[in-house]
Amino acid sequence: MKEKVKSSRNLSKNQLLVMDSLKQARQPLGAYSLLDKLREKGLKAPLQVYRTLDQLEKIGLIHRIETLNAWTLCCEEKHECTPIFAICDDCGTVTEHLDKTLFDNIVALPVSSGFMPKRTVVEIHGKCENCDTT
Ligand SMILES: [Zn+2]
Ligand SMILES: [Zn+2]
């Protein structure tokens, strides 16, 4: 009797608060923006926010956008593949793209010269459809 697990199951109060804020923001938020939104709800210490973000990232519900130093909700539940992000520099919208073949090819590049990849970040900056009015 396996039910499809909901992403919000078993989340702690802090985890739910952070998830809610990210949902409402509809764009990536930095730890201090989150802290501002959640202070009145009881999350007062930056460490609490960082710890919560860390936990959510490990479960696969959110991703860190390195070049923005911010976090965003995952577009779908749990995926093996590391996402490729397109980031609009005007409105801040981030879209997540999953392409395992493309990603494997990127990682394979340095491997041919004996390099051992550990972590890969692919983030593309530009303008989204809404902002590109030309
Ligand atoms: Zn994702
Ligand atoms: Zn935009």
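These are my notebook entries on a predicted model of one protein chain.

**Entry 1. Ground rules.** I number residues from 1 along each chain as its sequence is written, and chains are lettered from A and ligands numbered from 1 in the order in which they are written. Because the model is predicted, local features need pLDDT of at least 70 and side-chain atom pairs count only at pLDDT 80 or more, while totals for chains, interfaces and linings use all residues.

**Entry 2. The whole chain.** I looked up the elements and found 4 helices and 5 strands. Helices (H or I, at least four residues) and strands (E, at least two) are DSSP runs, numbered from the N terminus. Their order from the N terminus on is α-α-α-β-β-β-β-α-β. The C-alpha trace spans about 50 × 50 × 30 Å along its principal axes. Of the 134 residues, 17% are buried. A residue is buried if 20 or more other C-beta atoms lie within 10 Å of its own, exposed if 12 or fewer, and partly exposed in between, with C-beta atoms placed from the backbone. I also checked the contacts with a separation of 6 or more: residues 24 or more positions apart account for 48% of them. Two residues are in contact if their C-beta atoms, placed from the backbone, lie within 7 Å.

**Entry 3. Domains.** The domain assignment gives domain 1 (13–73) and domain 2 (84–126); such bounds come from an automatic or database domain assignment. Their centres, taken over C-alpha atoms, are separated by 22 Å. I find 7 residues of domain 1 in contact with 8 residues of domain 2. On the domain 1 side, these are 3 nonpolar, 3 polar and 1 charged by class. Ala, Val, Leu, Ile, Met, Phe, Trp, Tyr, Cys and Pro count as nonpolar, Asp, Glu, Lys and Arg as charged, and the others, Gly among them, as polar.

**Entry 4. Two helices.** How do helix 1 and helix 3 cross, and at roughly what angle? The axes of helix 1 (residues 13–25) and helix 3 (residues 46–59) come within 9 Å and cross at roughly 85°. The two helices are therefore roughly perpendicular to each other. Angles under 35 degrees count as roughly parallel, over 145 as roughly antiparallel, 65 to 115 as roughly perpendicular and the rest as oblique. Axes are lines fitted to C-alpha atoms, for helices over the stretch in contact, and angles run from 0 to 180 degrees between N-to-C directions. Helix 1 makes the contact with Asn 14, Gln 15, Val 18 and Met 19, and helix 3 with Gln 48, Thr 52, Leu 53, Gln 55 and Leu 56. By class that is 4 nonpolar, 5 polar and no charged residues.

Entry 5. I traced an open sheet of 3 strands in the order 4-3-5, with mixed pairing. Two strands pair if DSSP finds at least two bridges between them. The edge strands, each pairing on one side only, are strand 4 (94–97) and strand 5 (122–126). Neighbouring strands are turned by 20° against each other on average, direction ignored.

Strand 3 (residues 84–88) pairs with strand 4 in the antiparallel sense over 4 bridges. Here Ala 86 has Thr 95 as its bridge partner, and Ile 87 stands opposite Val 94. The two strands form a hairpin with 5 residues between them, and Gly 92 in the turn has a positive phi of about 85°.

Strand 3 and strand 5 run parallel, joined by 5 bridges. Ile 84 has Val 122 as its bridge partner in strand 5, and Cys 88 has Gly 126.

In a regular strand the side chains alternate between the two faces of the sheet. Strand 3 has Phe 85 and Ile 87 on its covered face, and Ile 84, Ala 86 and Cys 88 on its uncovered one. Strand 5 is hardly covered, with 0 buried among its 5 residues.

**Entry 6. Thr 72.** Is Thr 72 buried or exposed? Thr 72, in strand 2 (residues 70–73), is buried because 24 other C-beta atoms lie within 10 Å. Leaving out residues up to four places away in sequence, Thr 72 touches Leu 22, Pro 28, Ile 62, His 63, Ile 65 and Val 94. Leu 29 is 43 residues from Thr 72 in sequence and 6.7 Å away in space, C-alpha to C-alpha.

**Entry 7. Positive phi.** Most residues other than glycine have a negative phi. Arg 26 has a positive phi near 55° and lies in the loop between helix 1 and helix 2 (31–38). With 13 C-beta neighbours inside 10 Å, Arg 26 counts as partly exposed. Asn 69, in the loop between strand 1 (62–65) and strand 2, has a positive phi of about 50°. Asn 69 counts as exposed, with 11 C-beta neighbours inside 10 Å.
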